[in-house]
Structures are given as C-alpha cells and as structure tokens.
Amino acid sequence: MQSLPGFRDFPPEECARRNYIFARWREVARHYGFVEWEGPLLEATELYKKKSGAEIVDQLFTFTDKGEREVALRPELTPTLARVVAAHEREFKKPLKWFSIGQFFRYEKQQRGRLREHFQLNCDITGEAGLAADIELVALCIDVLRAFGFGEKDFVIRISDREFWTDFLREKDVPVDRWDEFLQVIDKFGREPREKTAEKLGKLVDPVFATLKSGGKSEKLGKLVDGLRGRGLADFVSIDIGIVRGLAYYTGIVFEVFDRAGKFRAIAGGGRYDNLIGQLSDGTVSLPALGFAMGDVVLGELIQEISRVCQIMEKAIAQDRKIDIYVVIAKEERRADALKQIQQLRDGGYRVDYPLTPTKVARQFQAAEEAGASLAVLHGDEWPQLKIKNMATGEQELIPQENLKDYVAAHRS
Ligand code: HAM
C-alpha cells in the first residue's frame, strides 16, 4: 500500500526538516508580536464557495458527511479566519495579529512545488486599514525567510496593488461583475500562451499589454517600498503590477514571493482583503484585514537548492536530534539500578537513552555515538562507582554513583 498521490509520509528525517521549518516560522511570527491560533480542518463547503474564487473551489476535497452536510477539507485558512474573527470580534482588541501553522488540502495536479496536501504559515492582521500594517506584514514575510539564512539574492517579493487594476477597469467602463474574470487573466499572464490571454482580453488587449510592459505607477506602492527602505529591507522587494493573486477576495496591496532565479513556483503569497469579513458575516461585522501564507513545499525545495541555507538546516537538525546521556549497561545485574538512575536523569530534564535488551558494550558505545550523546555513563564492575566517558574527548573517569546528578549538571553542554 502506498500513500495517495500528492500526499507525503514524514519518516523521522523528513519530519525533522518539517519541524525545523515550523520552528523558524513560529519564532519569527512571535518576534513580530503575533499570537498563535488554529481552526478546524473540515469546514462547510459553502465557506469557500462564497468568496475564494472558482479555481480553489474546483480543487476542493469535498464529501457529504453522515449528517448530510456538504463539507470540505480546508484548502486555505483565510475564510476560516474571517469566520472566526466575525464571530468573536468583540472579544478581541484590535488590531489582531494572528498566526497559524497547519495542513491544507487541494486536489491539484501533482507536480513540482504542488502537492495535494501542504503546510502553511498564515500571518494575518485584522482591524487595521493603514499602510503601516501592509509594511509590517511584508517585513514579517521577509524576516521569516531571512531566519532560514536566505538573502536578497535568493528571493524577491513582487508587490502589486489590485486597486491599480480596478481603477483601470473602471476607467475602461468594464462592468464590475466582469472584474474577477479579468483579474484571473492578469494572474495567469506569463503562464498561459500570449494568444490565449489576448483572446480573453478582447478590446482591452493593447492597453493591458502596454501597462504590463511599462510597469504602471502607484503612489501607494512607492510609499510601501519607502517604508521597507527605512528598515533596510527594500532590496527584498520589487514592484510588479502583473501580480494580482488567484484568490477572489483580495482588495488592495497583494504580493507573491519567488526565488530570484525563477526556478520554482511561489513560496508565499498574500495581500489585503478588506471586504471578506463583511461578506462572510453578511455585513454584520466590517473589518479591514490583510495576511499572507507561506507553504512548506516550495520553501523546502529552495532550502535544498541553496547549499548554504541547507547546511544551516542540517546542522540545526543534527544538533536538535542529540541526546545528552547514554547509559551503558555492562552488567545485566546492574540494570535495575541503572533504570532507577535513568528515571531520575530524565526527570531532571536530560535526554537519556539506553539498550532495551542485553547488548554488547561496544555496540552500546556505538549507539551512544550515533545518538550524539555528550556523556556515556557505564554501569559495570566498578559499581557503586560509575565510569563516565566524555564522548567528545574520549576521556574517562570514575565517580561515586551518588555524585552523578551534580556531575552531569556541571558537564551540561
Ligand atoms: P495561496 O497563494 O493559495 O494563498 O497559497 C499560499 C502558498 O501556499 C503558496 O505560495 C504556496 O507556497 C503554498 N501552496 C498553495 N497550494 C499548494 C499546493 N497545492 N502544494 C504546495 N504548496 C501550496 C492562500 O492560501 C491565502 N489564503 C494566503 C493568505 C493568507 N492571504 C491572506 N492571508
């Protein structure tokens, strides 16, 4: 039996890499004063039909539950966040700065960078309409990637403003109900054949191509970049009016993160969605909001691609995997005493391992080495003395067994 297409197993090495990513995500979000939250994995399908857009609805894992409800595995977090904020809005002081790390499911064609499940870091700010929040959010996204060791030569955040295009459409008298369709075409520009894009754009083709070529102008985006420049982060971003995002609910500044070499798919994406909370609460709660999500799949590929960053990860994982003490049981009659001591050491907060069954001493030392133990404690003929081996230097010494606790405290690395 194999796992389903697009689903991953996480044996220990893969799990350690995944947890390393989660740890960096959590660390930086907390540095920015964000608090962690979580929502359910299963939601009413209706939640996504309302405002996420056709593309994501087509990719839903849906089924009817035993209570005849149409439900879906969550493909993203933003509609859940909007639902939760709308329901509990009064309990929280604004602005809310929330982050979450969880798994998402999209029935996509499995390909490089796209699976049917993935993990995301979501960071969202609700209740703040000013540009300061957009700047803070983009800075957070940059710093999350910097925490892995990436620099401005490794990735770029392409920033745009949907309002630029909605102003354009208004000016060209395009009816509002066709805006979404138009934005989808811009979103796919460059990924679809030019003739297909031209056909979809109809009489707008010339002004759109000209705007995309000239880059367009936006005062708001200029201010955003200035704000980042003040923090020394401007080299991580570039204005690219061609970014509009595939999801339907965005209203203002939007951005996507790519590797500089342009080899991979988007690492992260987000933007403002000032109307979503209002739309999902039928107008009872109206709050501006913005956020982004970073996926673990493309990020993992980019870490593997850039050896400097990969080495930082592997070193951290190797360090984290290490145990403190390996207890070598050289004489089986000492096992009961050894176990008593192991229990005490573990209670004292040490990572301790030992052989579950009678094992040759040489094999036990080998296990101590493989587990990265800094000390091996040998229970053998010397009892009630213990032989201690410093695994790094190879030095050995005998200590009375009652001194072990103090000894390991003094040698804690
Ligand atoms: P999204 O662009 O659909 O945005 O997804 C965010 C990131 O999740 C992508 O850039 C990508 O790295 C990763 N991702 C998405 N789908 C897959 C997949 N099938 N396989 C692997 N990775 C994937 C959102 O989800 C928005 N809800 C983000 C947001 C939060 N906007 C505001 N707040």
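Predicted model: local features only at pLDDT ≥ 70, side-chain atom pairs only at ≥ 80, totals over all residues.
View 1. Arg 8 and Ala 336 are separated by 328 residues in sequence, and their C-alpha atoms lie 41 Å apart in space.

**View 2. Phe 7 and Phe 105 form a stacked aromatic pair.** The structure as a whole holds 19 aromatic pairs, and in the one formed by Phe 7 and Phe 105 the distance is 6.3 Å from centre to centre, with 25° between the planes, so that the pair counts as stacked, the planes being under 30 degrees apart. This pair links distant parts of the chain, since Phe 7 is in the segment before helix H1 (12–31) while Phe 105 is in strand S5 (residues 96–105), 98 residues apart. Phe 7 is partly exposed, because its relative accessibility is 24%, whereas Phe 105, at 7% relative accessibility, counts as buried, because buried means under 20%. Phe 7 and Phe 105 also belong to a cluster that ring pairs build together with Phe 61 and Tyr 107.

**View 3. Trp 37 and Trp 98 form a tilted aromatic pair.** The ring centres of Trp 37 and Trp 98 are 5.3 Å apart and their planes stand at 45°, so the pair is tilted. Distant parts of the chain are linked here as well, with Trp 37 in the loop between strand S1 (35–36) and strand S2 (42–44) and Trp 98 in strand S5, 61 residues apart. Trp 37 and Trp 98 are both buried.

**View 4. Two arginine side chains lie over the faces of aromatic rings, Arg 74 over Phe 104 and Arg 116 over Tyr 107.** Arg 74 is placed over the face of Phe 104, at 4.3 Å from the ring centre. Arg 116 is placed over the face of Tyr 107, at 3.9 Å from the ring centre, and Tyr 107 is itself one of the residues in the ring cluster with Phe 7, Phe 61 and Phe 105.

**View 5. The ligand is surrounded by 26 residues.** The closest of these surrounding residues are Glu 76, Thr 78, Glu 108, Asp 124 and Tyr 250. Glu 76 places a polar side-chain atom 2.6 Å from a nitrogen atom of the ligand, and an N or O atom in the side chain of Asp 124 is 2.8 Å from a nitrogen atom of the ligand. Ala 266 contributes through its backbone, where an N or O atom lies 3.0 Å from an oxygen atom of the ligand. On its own the ligand has 660 Å² of accessible area, and the protein covers 97% of this. Strand S6 (117–126), strand S10 (268–272) and strand S11 (289–295) are the elements that give two or more residues to the shell around the ligand. Sorted by class, that shell consists of eleven nonpolar, nine polar and six charged residues.

**View 6. Ile 239 is a partly exposed residue of strand S8.** Ile 239 is found in strand S8 (residues 237–239), and its relative accessibility of 43% is why Ile 239 counts as partly exposed. Between Ile 239 and Leu 224 there are 9.9 Å in space, C-alpha to C-alpha, while in sequence Ile 239 and Leu 224 are 15 residues apart.

Conventions: Residues numbered from 1 in each chain as written. Heavy atoms only, no water. Near = heavy atom within 4 Å. Polar contact = N/O pair within 3.5 Å; in protein donor to acceptor, adjacent residues only side chain to side chain. Areas by Shrake-Rupley, 256 points an atom, 1.4 Å probe, with all protein chains shown as cover. Helix = DSSP H or I, 4+ residues; strand = E, 2+ residues; numbered from the N terminus. Nonpolar A, V, L, I, M, F, W, Y, C, P; charged D, E, K, R; others polar. Phe/Tyr/Trp six-rings, centres within 6.5 Å; stacked < 30°, edge-to-face > 60°. Buried < 20%, exposed > 50% of the residue type's maximum accessible area, 1.4 Å probe, protein only. Lys NZ or Arg CZ within 6 Å of the ring centre and 35° of its normal.
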